[in-house]
Amino acid sequence: MTSVDTARLPPAERFDFWQDLVARQSSTATIRSAHADDFTASARVVDLGTIRLGVWRYPSLEFTRPAHLIDSGDPELYQLALPLSGRGVMTQQRHETPLDPSAFALVDTVRPHGSRLRPDGATPGAVETLTALVPHRALPLAPHRLAALFATGIPARTGMGALLAAFLRRIAAHPEQYAPADAPHLDRVALDLIAGTLAGLLDVERELPVDVRATGLRARVTAFVRRHLTDPDLSPAAVAAAHHLSVRSLHRLFEGTGTTVGELIRTGRLERAARDLADPRLRGLSVAQIGARCGFAHPAHFSRAFRAAYGSSPREHRERAVRG
């Protein structure tokens, strides 16, 4: 991970430094800002191997990459951008789409494009954007098809886009939680989620490689499990039915991942129960009630499963939290 902050530089040098940083990370462009005289900004870049994630925080900014700044030797990259705060627009190929936290925007960096971003009322004085740079060759989708998505809104709060946004935001926000050896796996999952999201919008999911489709389906299954942990009837059979799969196909989907759907359910419920038991706002609830709200229908089963996972009973866990 690389982090920079222009606040460490003299005000007169900050904007030029930012322009050089953007050129090194993505492409040469014309950048303007009403705050160029004192450009206080920061960036955090996480290189996963194929994908390069960035979180950029800055005052208002106008970015333009015209044809005369594009060279035949420039790296061929797609850029997905998701504003975390702020509002603006992105343009490419006569398309123009609003930029806001509800949607990604996709551009091809070796074609002319531009964007404008400014703070909104929620975060006055600051714009924050999450970006993912992906080489053309890394996506199993034809460039002429992807062109239909340039500078169009790609939903980030529903469907595959929501799973992709959550995954990228988690890595970019807390890269310290992952070991260097995790990078290839994170890279592969991110690529598959990006491909699945874009293919779904183009209605060409069946053309994706089998392993890419499997990654997307596992992500949807995992998200479904997390949303329904409180349902005591949640089981591998119920998950399979909700996704129009046989139980055997569901189990096969998770082969080689180091977990099963049953373990996802059990671990998710226990983690939620551990948090709830330690939450002072929930001390009015009994241990049995905590177990029930986390999907455990039988108190004895809850207690046994909790002790097996944490080495103490739910009551002991709560008492330690109170003392702490």
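Reader: Let's start with Ser-312: buried or exposed?

Author: This is a predicted model, so keep that in mind. Ser-312 counts as buried, because its relative accessibility is 4%, and the cut-off for buried is under 20%.

Reader: OK, and where is Ser-312 found?

Author: Ser-312 sits in the loop between helix H10 (299-310) and helix H11 (314-323).

Reader: Which residues does Ser-312 touch, leaving out those up to four places away in sequence?

Author: Phe-306, Arg-307, His-317 and Arg-320. With Arg-320 there is also a polar contact, side chain to side chain, at 3.1 Å.

Reader: Switching topic: what does UniProt list for residues 219-320?

Author: An unreviewed UniProt entry gives "domain: HTH araC/xylS-type" for that span. In the model, residues 219-320 are 66% helix and 0% strand, and the end C-alpha atoms lie 35 Å apart.

Reader: Now Arg-14. Which helix is that in?

Author: Arg-14 belongs to helix H1, residues 11-25.

Reader: And is Arg-14 buried or exposed?

Author: Arg-14 counts as buried, because its relative accessibility is 9%.

Reader: What is Arg-14 in contact with, besides its neighbours within four places in sequence?

Author: Thr-6, Ala-7, Leu-9, Asp-38, Phe-39 and Thr-40. As for Ala-7, its backbone oxygen is reached by the Arg-14 side chain at 3.4 Å.

Reader: Last one: what separation is there between the C-alpha atoms of Arg-14 and Ser-286?

Author: They're separated by 56 Å, and the two residues are 272 residues apart along the chain.

Notes: Residues numbered from 1 in each chain as written. Predicted model: local features only at pLDDT ≥ 70, side-chain atom pairs only at ≥ 80, totals over all residues. Heavy atoms only, no water. UniProt positions renumbered as here; feature names shortened; annotations may be inferred. Helix = DSSP H or I, 4+ residues; strand = E, 2+ residues; numbered from the N terminus. Buried < 20%, exposed > 50% of the residue type's maximum accessible area, 1.4 Å probe, protein only. Polar contact = N/O pair within 3.5 Å; in protein donor to acceptor, adjacent residues only side chain to side chain. Contact = heavy atoms within 4.5 Å.
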